[in-house]
Amino acid sequence: MSNKVLPYQSTDVPKLQVDAWTDNQRHHATSITLTKSTISWENLKKGVAFNISNVTGAKPSMTDPTSISIQVYKESNRRFKIFYFWFLTIELAHTWFELIKSYSKGPQENRNIAVILNPISGNKSAWKVWRTKFQPALSYSGINYSLYETTGSNFIENWVKSREVKQFTDIVCMGGDGTMHLLITAIIKHQKDAFESINFGILPTGSRNALAIEVGSKKSIEGIMNIIKGKTFKADLMKVRIESELSFATTAVSWGIVSDISEEAQHYRFLGAFRYTAVGLKKFVQKWKKYSAMVSYEADSGEVLDINSDFTYVMVGNHRVQNISNNEILTPNARINNGMLDLQMMSYGNKWKTVKMFKKAMKSGSHVELGNITSVKTRLVSIEPKSPIVYNVDGEIYYGSSIQIQVMPQMITYLGQTEQAK
Ligand SMILES: Nc1ncnc2c1ncn2[C@@H]1O[C@H](COP(=O)(O)OP(=O)(O)OP(=O)(O)O)[C@@H](O)[C@H]1O
């Protein structure tokens, strides 16, 4: 066994190698090889190799100073796995701990992450994801973090008001689209200057979690890797004004039967995501409503066009608005970073036409092909309903006599990855 780190050049790849053992009895000798892109070793005569981009980091053993462990994301079964190594000396263990940590970290220095955990969103899985996946991965990465659990609807605004959010390089929501909506609105409202410097991440523990899908974090473990590795991209937001109330949305604004259903579904949160279907069925057997409004939007030419009509719903999507638990897509033609909004209007129709629309939406958004649905790309939309005046903004319910929605191109930086705008 050599007791030195042996750096050497092979072709143009700098390689580091060290002898170690994979068991504490020191029966199974191995040699670990580390390059900028891979870590590999032999385990019981079988070669093991991982991309360094799948290593979250390393940790010294609490009980044996000659031992360290590394945590690896196995793409094949979407799980974290931990591997243990024993070295000849304490110094070697320390050197390799530092080496693996520095090779596996993302491009950003001195990160300080705030994690906002909503314990009641979706099927209430946030604490489990935190304990079993996110906290262990953060601890392997060595990134500084603080955890905050939301206690009610005013928590996020008070949280923002009571501290300098600029101290955080990244803020991660463990919740649904609503949690992110409340967070970005509060930061832009109270500490706008800090907004630009922060990267925003989401781990899907909500009901619909359309944003998480869009940033490449559909599975919480994929989201954790995006966060740990600090991959970022810029995307559009929606500036939403309802009378004098200003908010910022990542996903979608809706009015008509869609917002009516979500308003009522709030009272059935105990049903989980099924609450929307249950209320939808209830609406179906009730007296059928007509939604009348003046919808105005900016056309390509810059001209503002007005449509005074009866609708089933009007929706404005900032991205595809997919549902994490099924194949539903609401605005399939929208893209998160194309500087445009997708305005979708369904003209007033009977119950069966509406059922057909919902059924087609569940089939990857094919409802947009129906003759009674119009979709246009625009930067600015306003809705002035005759009644009712209920809006759904990223899953949160608002009331007001009119609403304006404007795209804010490239305003937010997400932790994650996206397809290029098509
Ligand atoms: N501890 C809490 N108790 C009660 N409500 C809370 C608490 N923490 C946050 N909230 C409320 O939870 C709502 C946000 O839920 P969120 O949208 O994240 O989850 P969801 O509705 O299950 O998911 P999605 O929006 O993806 O469908 C907000 O209205 C917020 O005010």
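## Contacts along the chain

In this predicted model, 68% of the contacts in the protein with a separation of 6 or more are between residues 24 or more positions apart.

Of the 422 residues in the protein, 43% are buried.

## Overall dimensions and secondary structure

The C-alpha trace of the protein spans about 80 × 45 × 40 Å along its principal axes. The protein has 23 strands and 10 helices.

## Domains

Three domains are given by the domain assignment of the protein. Domain 1 covers residues 6-104, domain 2 covers 112-230, and domain 3 covers 249-407.

## Domain 1 and domain 2

Taken over C-alpha atoms, the centres of domain 1 and domain 2 are 30 Å apart. Domain 1 puts 10 residues into the contact between them, and domain 2 puts in 12 residues.

On the side of domain 1 that touches domain 2, the elements that supply two or more residues are the strands β6 (55-60) and β7 (67-74). The most comes from β6, which gives 4 residues to that side of domain 1. Sorted by class, the side of domain 1 that touches domain 2 consists of 4 polar, 3 nonpolar and 3 charged residues.

## Points to locate in the structure

Which elements give two or more residues to the side of domain 1 that touches domain 2? They are β6 and β7, at residues 55-60 and 67-74 respectively.

How many residues does domain 2 bring to its contact with domain 1? Domain 2 brings 12 residues, and the bounds of domain 2 in the domain assignment are 112-230.

Key. Residues numbered from 1 in each chain as written. Predicted model: local features only at pLDDT ≥ 70, side-chain atom pairs only at ≥ 80, totals over all residues. Domains from an automatic or database assignment. Contact = placed C-beta atoms within 7 Å. Nonpolar A, V, L, I, M, F, W, Y, C, P; charged D, E, K, R; others polar. Buried ≥ 20, exposed ≤ 12 C-beta atoms within 10 Å, placed from the backbone.
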